[in-house]
Amino acid sequence: MSVRVRFAPSPTGPLHIGGVRTALYNYLFARKNGGKMLLRIEDTDQNRYVPGAENYILEALKWVGIEIDEGQGVGGPHAPYRQSERKEMYRTYAEQLIAAGKAYYAFDTAEEIEAMRKRLEEAGADAAQYNAITRLQMTNSLTLSAEEVQQRIANGDPYVVRIKIDPKQDIRFKDIVREWVVVHASTLDDKVLLKSDGMPTYHLANIVDDHLMEITHVIRGEEWLPSAPLHVLMYQYFGWTAPQFAHLPLLLKPEGNGKLSKRDADLGGFPIFPLQWQDPATETIARGFREDGYLQETIINFLAFLGWNPGTEQELFTMGELVEAFSLERIHKAGARFDITKAKWFNQQYLKGKSDEELAAILEASHNAPAVSHDTLLKVCHLMKERVTFPQEILSETTFLFEAPTEYEEAIVASKWNADAIKAITAYVEDLKIYEGDFLADSAKAIWAAAAERVGIKMGKVMQALRLAVTGAGHGPDLMLTMEILGKDEVISRLEKAISTLP
């Protein structure tokens, strides 16, 4: 059977970066094994549905580079792929379990369930659950006659369908990440499978859909591990072959103690969502990795290493290389610390590797590029790409290219601006004014060296003063390339201003 995996998010808000990692691992596994990647929208909890969340999920996956072979937004033979549109089908499967004695109708009110739980708590019970013991004291089709059950249904009395757990068995399954998992059924409660509004719970819908969509591997977060025994049991109840499970480690706070939350990200000053998100109710805006300047390649590489490693020293991967190297067996059991410093390092490496054209295209697409020619923007990118972490810093760190300095770094003025500096820079201005060739970095350097030699001053001794006069600062990127970008006339203007302004 060919590999078929699925990513099944709920449209209850923006997609958490941990969800993106889950989608990525599914995608890598599918591609590695020549399989299919499905996208299913699990929107059975209509009370938590958030407008815009589904489109956000689709856009986020597209930005990261995860291609969907089948599912929501793509279509396929198992449509529809939005669970709310499959509602009536789930009832059929719930009734199949009832007919087989594996599930039952429960008519209990919320007040009756709360009273049951309170009694158990007061009695010191280990767990206040609706289970194999307590169900015999409640209002359900196990305690009512068949006639009364049918009459209640005919009268329109609200009810749910609960799974009937047989408590006298061990439930065993082998998780690819965690090896053998064994849970005694007596620890499970009789979960609701079909809610009173006719919508399925996650437990029923995902089992039915995974079976019908021929899912071979369920790769999901560790938070679903406690539900896995119930799901394995449901496959047994239906007489279906269960997929293989792989439960991924948690994403931990940067300091490593506890699960990563949005609050941790806010306090740490980094995003936790792939794209920027505006809450439709409150209109508050949450930061996104894309808008913060993280590159697609960075997110792929960073997330892949959060819980997995290739077993080699290689750290920088293309998506194709990750596909080749990936295996579920190399996923860690322990939680993965969310080290945003490492993400920044990845971004620096990928920025350095981009061509000037690629970086200029990113800046132009962001609509933040300055009003300069494309050729000039290419030079600015070349000047700065070795010195920045994010694309937008190419512009924020080069304001000196677009605005002449109005202030000068005081420490450099005090230590480097002296009679020799003024003498050498004055000579440089004189030579620049009579120079008629192309003003490039090499020619700017040659003219400067000749002018300094002509007045008997070592070029290195006054280089920092020259930078100060041109940019207002004592440190920065390549000065000769900076002057090439500025052009001869602007350089002359700035040097003359410094000579007349500085003491």
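The model is predicted.

**Whole protein**

Along the principal axes, the C-alpha atoms fill a box of roughly 110 × 45 × 35 Å. The radius of gyration is 32 Å, whereas a compact globule of 503 residues would have one near 23 Å. Switch to a cartoon, and the secondary structure comes to 20 helices and 14 strands.

Next, show the surface. Its accessible area is about 23600 Å², with 49% belonging to carbon and sulfur atoms. Buried residues account for 50% of the 503 residues.

**Charges**

Select the charged side chains. There are 55 positive and 71 negative charges, and their mean positions are 4 Å apart. How many salt bridges does a search of the whole structure find? The search finds 31.

**Stop 1: arginine 290 and glutamate 59**

Select both residues and look at the closest N and O atoms of this salt bridge, which are 3.1 Å apart. Arginine 290 sits in the loop between strand S13 (285-286) and helix H9 (296-304), and glutamate 59 in helix H2 (residues 53-64), so the bridge ties together parts that are 231 residues apart in sequence. Arginine 290 is partly exposed at 31% relative accessibility, and glutamate 59 is partly exposed at 40%.

**Stop 2: glutamate 148 and arginine 152**

Move to helix H5 (residues 146-154), where glutamate 148 and arginine 152 are four residues apart, a separation of about one helical turn. They form a salt bridge whose closest N and O atoms are 3.7 Å apart. With relative accessibility of 35%, glutamate 148 counts as partly exposed; arginine 152, at 23%, also counts as partly exposed.

**Stop 3: lysine 253 and aspartate 264**

Now select lysine 253 and aspartate 264, a salt bridge with its closest N and O atoms 3.9 Å apart. Lysine 253 is in the loop between strand S11 (251-252) and helix H8 (262-268), while aspartate 264 is in helix H8, 11 residues apart from its partner. Aspartate 264 has 12% relative accessibility and counts as buried, because the cut-off for buried is under 20%.

**Stop 4: a network**

Finally, select Arg6, Arg40, Glu42, Arg86, Asp209 and Asp210 together. These residues are linked in a network of salt bridges.

Technical notes:
Residues numbered from 1 in each chain as written. Predicted model: local features only at pLDDT ≥ 70, side-chain atom pairs only at ≥ 80, totals over all residues. Heavy atoms only, no water. Salt bridge = Lys/Arg side-chain N within 4 Å of Asp/Glu carboxyl O. Helix = DSSP H or I, 4+ residues; strand = E, 2+ residues; numbered from the N terminus. Buried < 20%, exposed > 50% of the residue type's maximum accessible area, 1.4 Å probe, protein only. Rg over C-alpha atoms; globule rule 2.2 N^0.38 Å. Areas by Shrake-Rupley, 256 points an atom, 1.4 Å probe, with all protein chains shown as cover. Lys, Arg positive; Asp, Glu negative; His and termini not counted. Charge placed at Lys NZ, Arg CZ, Asp CG, Glu CD.
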